[in-house]
Amino acid sequence: MSKMLSLIVPVYNEEEVLPESFRQMDAQMKKIGYPYEIIYVNDGSRDSSMKILRGIAKDNPQVKVRSFSRNFGHQTAVTCGMDAAKGDALIIIDVDLQDPPEVIADMVKAWENGADIAYGKRLKRKGETIFKKVTAFMYYRVLRAMSATAIPLDTGDFRLIDRKVADVFLKMREHNRFLRGMSGWMGFEAVPVEYVRNERFAGKTKYTLKKMLRLASDGIIGFSDRPLDRKSVV
């Protein structure tokens, strides 16, 4: 029996990018050659994203759509997609095309060669402000220095995980989730797949400074005991 891939794509107010994003992602999944499904999770969008998703799903039986009543956040949306996924490997990717869909094939090759996790490692970030680049650079290094868990530098949630890894993820039902930290904590074999991150295809980022700080806080609090260790606060 042929193995199956599940592509998980969170969506929040992405009407400008959705049609082209689907076209590129679907084309890449076809090229890889495995049976596949694309699971979109509408995270409470207030624009026409859900209408577009319904149209895509109507014309493409490989597409599934889940929808939240309001915005619960990226990490929760990804978890919802994982709950719905049937694949032997799950790929998490953002809808905005900053993470190139063609990199998925490299992740699948790493998985075929035995990797349990193949995570995207950014060599360069195109189209981002100096502030975003500097804060991201500093954050990952502070988190790595503080954490007892090895969290690779310059990585996001763009990754492939094997089914057995997904099953462990889904047993961990934390409310404030930090998936890249949880991925490192579990200890499965993980390999980097290097790539250059693109500019956003259209629209504006939905990760506000407030959301970025919240995610950073979840990462530090969830994977480091130093904020609670009086000896480390000097």
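Buried means under 20% relative accessible area, exposed means over 50%, and partly exposed lies in between. The exercises below use this scale on a predicted model.

**Exercise 1. Classify R23 and describe its salt bridge with E20.**

Solution. 
Step 1. The relative accessibility of R23 is 49%. This value falls in the range between the two cut-offs, so R23 counts as partly exposed.
Step 2. The partner of R23 is E20, and the closest N and O atoms of the pair are 2.6 Å apart. A salt bridge requires a side-chain nitrogen of Lys or Arg within 4 Å of a carboxyl oxygen of Asp or Glu, and E20 and R23 form one.
Step 3. Both residues belong to helix α1, which covers residues 18–32. They are three residues apart, about one turn of the helix.

**Exercise 2. Which residues join D162 in a network of salt bridges?**

Solution. 
Step 1. Begin with the pair K164 and D162, whose side chains meet in a salt bridge of 3.5 Å, N to O.
Step 2. K164 is partly exposed at 40% relative accessibility, whereas D162 is buried, with a relative accessible area of 14%.
Step 3. Salt bridges with shared partners link D116, D162 and K164 into one network. The structure as a whole holds seven salt bridges.

**Exercise 3. Describe the largest nonpolar core and the surroundings of L5.**

Solution. 
Step 1. The largest nonpolar core has 34 residues, and L5, L7 and Y40 have the most contacts inside it.
Step 2. Several elements give two or more residues to this core, among them β1, α1, β2 and α2. Helix α4 gives the most, with six residues.
Step 3. A second, separate core has 22 residues, including I8, I161, L170 and M172.
Step 4. In soluble globular proteins, nonpolar side chains tend to be buried together.
Step 5. Return to L5 and set aside residues up to four places away in sequence: its contacts include M29, I32, Y34, P35, V108 and W111. G87 is also one of the residues that L5 touches.

**Exercise 4. Which residues does R163 touch, and what lies 3.0 Å from its side chain?**

Solution. 
Step 1. R163 is found in helix α6, residues 163–169.
Step 2. Not counting residues up to four places away in sequence, R163 touches A85, K86, G87, D88, A89 and L90.
Step 3. Within this group, the backbone oxygen of G87 lies 3.0 Å from a polar atom of the R163 side chain.

**Exercise 5. How do α1 and α2 cross, and which residues make the contact?**

Solution. 
Step 1. The axes of the two helices, α1 and α2, come within 10 Å and cross at roughly 35°.
Step 2. The crossing of α1 and α2 is right-handed.
Step 3. From α1, the contact is made by L18, P19 and F22, and from α2 by S49, I52, L53 and I56.

**Exercise 6. Two residues, N13 and L97, have a positive phi. Where does each lie, and is each buried or exposed?**

Solution. 
Step 1. N13 is not a glycine, yet its phi is about 55°. N13 lies in the loop between β1 and α1.
Step 2. The relative accessibility of N13 is 16%, so N13 counts as buried.
Step 3. L97 is not a glycine either, and its phi is about 70°. L97 is in the loop between β4 and α4.
Step 4. At 5% relative accessibility, L97 counts as buried.

Key:
Residues numbered from 1 in each chain as written. Predicted model: local features only at pLDDT ≥ 70, side-chain atom pairs only at ≥ 80, totals over all residues. Heavy atoms only, no water. Helix = DSSP H or I, 4+ residues; strand = E, 2+ residues; numbered from the N terminus. Buried < 20%, exposed > 50% of the residue type's maximum accessible area, 1.4 Å probe, protein only. Core = buried A, V, L, I, M, F, W, Y, C linked by side-chain atoms within 4.5 Å. Contact = heavy atoms within 4.5 Å. Polar contact = N/O pair within 3.5 Å; in protein donor to acceptor, adjacent residues only side chain to side chain. Axes fitted to C-alpha atoms, helices over the stretch in contact; angles between N-to-C directions. Left-handed = near helix turned anticlockwise from the far one by under 90°.
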